[in-house]
Amino acid sequence: MSPPLLSAEEEGGQSNVSLASSSPTMDCISQSGSGLKERNYLGLSDCSSVDSSAVSSLLEEKKNNLNLRATELRLGLPGSQSPEREPELCLLKSGKLDEKPLFPLLPSKEGICSSSQKNVVSGNKRGFSDTMDGFSEVKSSMYTEGNWMFQTASDSEAPESVGQGKFSGNSGMNVALSPRPSGAQPAIMKELPTKVLQQERPRGTNGTSHSPKTASNNNNSSAPAPKAQVVGWPPIRSFRKNSLATTSKNNDEVDGKPGPGALFVKVSMDGAPYLRKVDLRTYATYQELSTALEKMFSCFTLGQCGSQGAPGREMLSESKLRDLLHGSEYVLTYEDKDGDWMLVGDVPWEMFIDSCKRLKIMKGSDAIGLAPRAMEKSRNRN
Amino acid sequence: MMNYFPDEVLEHVFDFVTSHRDRNAVSLVCKLWYRVERFSRQRVFIGNCYAISPERLIARFPGVKALTLKGKPHFADFNLVPQDWGGYVQPWIEALARSRIGLEELRLKRMVVSDESLDVLSRSFTNFKSLVLVSCEGFTTDGLAAIAANCWFLRELDLQENEIEEKKNDWLGCFPDSCTSLVSLNFACLKEVNLAALERLVARNPNLKSLKLNGAVTLEALQRILMRAPQLVDLGTGSFVLDRDPNDSETYKKLRATILQCRSIRNLSGFLKVTPRCLPAIYPICLNLTYLNLSYAAGIHGSELIKLIRLCGKLQRLWILDCIEDKGLEVVASTCKDLQELRVFPSDPFGAGHTAVTETGLVAISSGCPKLNSLLYLCQQMTNAALIAVAKNCPNFIRFRLCIRDPAKPDPVTMQPLDEGFGAIVQSSKRLRRLSLSGLLTDRVLLYIGKYAEQLEMLSIAFAGESDKGMLYVLNGCKKLRKLEIRDSPFGDMALLRDVGKYETMRSLWMSSCDVTLGGCKTLAKKMPRLNVEIINENDQIKFAHEDSQKVEKMYLYRTLVWPRDDAPEFVWTLEKLLFTPGVLLEDQWSSLTN
């Protein structure tokens with residue numbers, strides 16, 4: 001049994017001082033479809049064998065705005081592997097601080113900044129570079145693990161709502177570290193943290209600055225590092241965390257400031273055994289959303305995924321979304337604030353996000369009245 | 001002298017001694033007092049359900065009517081304790097039911113409650129009056145239905161922040177028509193409710209003083225409910241949402257009028273969903289409020305929030321989200337001169353951004369509200385200077401919990417640890433009972449705590465300290481320490497084992513991600529048979545029970561008269577298990593134990 005290894009080096013956040021600098025990983029996060037975009041939710045990522053698409057997790061959101069230090073995510077002692085420390089921390093060499101090895105959270109005080117980071121890691125935890133090597137093996141085992149999601153769902157101690165509640169917000173990381181072991185579960189538990197967190201790697205390496213930063217641990221504060229979530233920190237009751245995650249998207253009022261982190265809405269599809277959730281804020285256009293949803297639900301369609309649109313067409317106006325769906329039997333609709341079901345694509349994107357409460361992928365036959373032109377055209381084609 | 005009084009006189013005198021600690025002290029005076037006290041005790045508090053068994057409780061206090069039980073360790077709130085760790089109430093309820101105890105009140109915190117437990121509870125005690133569940137889990141609305149249906153004299157059903165699975169049943173409708181004794185009802189943690197049943201229930205319970213609704217209760221329903229219950233003292237609104245212009249809404253006008261009739265409301269909470277334009281309806285209430293809890297009201301911020309606060313001149317307790325920002329806290333400071341308790345929670349708990357309050361807000365509060373004695377403050381940063389100022393302005397802290405968002409973050413101005421700041425707090429607040437530390441901290445702050453915090457009972461340490469000396473300062477200095485919880489700090493066996501007798505004077509000790517080893521835990525457990533030393537070995541971190549040098553990821557120890565517990569899951573190791581589990585038994589351990 002391999003020792004649990006968790007080092008989630010996340011980069012791309014911001015320094016404490018300035019909010020203005022944008023994260024270098026913004027690019028890779030907002031790419032649609034090109035990089036491997038794994039979600040952090042327990043189990044949700046292995047329902048299909050296709051690389052999951054740009055459904056983002058809260059963690060990705062966090063990576064854009066994070067202000068936490070680059071503490072590693074570990075079961076045990078927080079790691080010292082994080083390369084990015086604010087430059088100020090390296091100055092913290094007061095007399096009393098170097099008499100005894102400091103708690104590894106702040107390796108800079110020890111002057112370990114530039115040396116290999118492995119010697120600070122305690123025995124059974126692997127460093128970042130080790131986990132990188134191990135990624136490909138883990139990934140292959142990931143999909144044979146069986147359906148993780150259903151196992152938790154069947155755990156009698158954990159009602160579905162609890163599972164959802166606890167997992168959805170915290171991107172699976174905390175859950176991975178506070179598993180619910182019972183009988184057969186421990187073996188899977190162990191794999192899971194690595195699976196969940198390993199999936200971050202490729203996305204990271206697709207980014208512009210991920211690997212070099214890891215290796216050199218320079219004090220470059222112009223490209224600040226995002227911090228991995230530390231389990232149980234900040235100390236907020238999980239009930240409260242889950243409540244706020246839900247209510248933040250229910251509030252109608254929008255203040256002048258940029259909105260809260262994530263805007264998750266449920267996505268249902270006729271005939272699918274379960275629903276999904278997407279964070280609307282991670283998309284900028286209908287095209288992105290459409291692609292993401294296609295990928296997410298491709299395992300359920302009968303091979304008639306909507307057309308990808310003509311290649312080379314970068315910008316799609318909203319009204320052309322309907323054209324995209326002509327080739328498939330499905331129509332994308334949403335429920336707005338008033339409770340009415342509307343066809344996706346009529347209004348500007350911003351307005352859409354504001355009013356969308358949930359999404360539904362309807363069978364074409366149910367969508368009569370919503371998209372008459374679409375139906376006519378598909379009938380004509382068939 | 002007291003020996004000449006008949007027992008009844010003693011008992012009558014003891015009736016005036018209500019706090020359980022005082023009663024515990026009374027019972028230690030002499031055998032006579034012990035006897036009289038134990039038969040007359042009605043309210044029993046058990047801070048750790050594994051410290052004692054239900055049978056012993058019943059044997060000692062046959063007259064118990066009100067019982068409080070706490071289960072999981074505090075850090076379970078933050079997902080540090082695995083599911084299935086324990087804390088089951090079932091054995092307690094079964095034992096109480098079997099005996100002739102006339103239980104009337106049960107208060108549970110962080111316990112696992114099953115539908116079956118609730119069912120047995122509801123059927124076993126004819127005078128059962130009050131059920132309060134805080135941060136519990138394991139039950140569904142079926143259990144609530146049993147309580148509603150069978151507890152005919154129920155006065156209080158208070159569900160605070162529980163994880164409840166909601167079935168399709170209408171549990172609220174199970175209250176019989178004859179149920180007219182309700183005084184307090186709180187179901188805010190549920191998502192659904194049968195509105196019609198709720199309204200009927202409120203209508204037939206004229207003594208209802210405390211009502212906390214959930215998000216399924218609309219504005220219209222709220223208005224109808226308030227019409228029936230103008231006597232409410234404590235109100236938690238549900239969904240305070242209007243989808244049209246309030247000026248065009250009949251419902252809104254009615255609500256405003258109804259609220260004017262509710263002159264008794266002193267505590268206000270809820271607003272889980274809110275349309276800020278509707279807030280003026282509650283302005284009349286604000287003038288008399290003493291407790292305002294907007295910690296779930298993510299929809300109220302900015303100028304709307306400030307407007308609301310400005311009206312609350314009599315506020316004594318305020319729970320708020322950090323979207324109030326430092327500027328908003330300045331408004332609180334200038335408005336709420338009677339403020340005693342402040343809690344600031346993060347509006348974005350997952351860390352995707354700044355926490356909007358800093359040391360500035362806290363200093364403002366301290367200078368405007370000198371009566372402040374209880375603080376929970378989650379903030380972006382803190383400075384020593386600010387803490388020193390706060391300590392000077394508010395010398396009356398009983399509870400001081402500061403959580404700086406980034407673990408081990410130093411003073412951003414001086415880049416120093418926050419030792420001096422926290423030191424000032426403990427030095428000035430001589431009555432401090434509870435303290436939570438955060439930020440960059442060395443052993444020095446622990447030295448200050450050991451030296452000055454004489455009344456300290458509960459201490460939470462995270463990402464702090466440099467060496468075993470730190471932990472020892474606390475263990476040696478804080479004579480009244482009851483609960484110590486430490487995470488991610490470099491304390492090891494030397495500190496753990498220096499004064500093992502100390503732990504019997506405490507309720508519990510939690511250490512996670514520290515440097516204690518398996519060998520250290522074993523040594524402690526062997527030396528102190530009245531402590532239960534649990535090693536929480538999730539993910540099979542500790543493979544071999546004889547490799548004493550392995551670090552223990554999570555250790556929880558507590559004094560107990562009923563060691564060891566028999567409901568511990570696989571991953572919880574106690575010394576007994578380590579020594580007597582087949583396969584891990586080692587010859588020398590066996591012989592050392594049996595000799």
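Predicted model: local features only at pLDDT ≥ 70, side-chain atom pairs only at ≥ 80, totals over all residues.
At the start of helix α17 of chain B, a side-chain oxygen of T442(B) comes to within 3.1 Å of the backbone nitrogen of R444(B).

**Helix α17 of chain B**
- Within α17(B), which spans residues 443-452, the buried residues are D443(B), V445(B), L446(B), Y448(B), I449(B) and G450(B).

- Five strands of chain A form an open sheet with mixed pairing, in the order β2-β1-β5-β3-β4, and its edge strands, each pairing on one side only, are β2 (276-279) and β4 (341-343) of chain A.
- From one strand to the next, the twist averages 35°.
- Strand β3 (residues 330-335) of chain A runs antiparallel to β4(A) and is joined to it by three bridges; T333(A) has L343(A) in β4(A) as its bridge partner.
- Helix α13 (residues 286-297) of chain A lies across β1 (264-269), β2, β3 and β5 (358-363) of chain A, and runs at about 155° to β2(A).

**Helices α13 and α14 of chain B**
- The axes of α13 (residues 325-335) and α14 (residues 359-368) of chain B come within 8 Å and cross at roughly 5°, so α13(B) and α14(B) are roughly parallel to each other.
- In their contact, D326(B), L329(B), E330(B), V332(B) and A333(B) of α13(B) meet T360(B), G361(B), A364(B), I365(B) and G368(B) of α14(B), which by class gives five nonpolar, three polar and two charged residues.

Note on methods
Residues numbered from 1 in each chain as written. Chains lettered and ligands numbered in written order. Heavy atoms only, no water. Buried < 20%, exposed > 50% of the residue type's maximum accessible area, 1.4 Å probe, protein only. Helix = DSSP H or I, 4+ residues; strand = E, 2+ residues; numbered from the N terminus. Polar contact = N/O pair within 3.5 Å; in protein donor to acceptor, adjacent residues only side chain to side chain. Pairing = 2+ DSSP bridges. Axes fitted to C-alpha atoms, helices over the stretch in contact; angles between N-to-C directions. Contact = heavy atoms within 4.5 Å. Parallel < 35°, antiparallel > 145°, perpendicular 65-115°, else oblique. Nonpolar A, V, L, I, M, F, W, Y, C, P; charged D, E, K, R; others polar.
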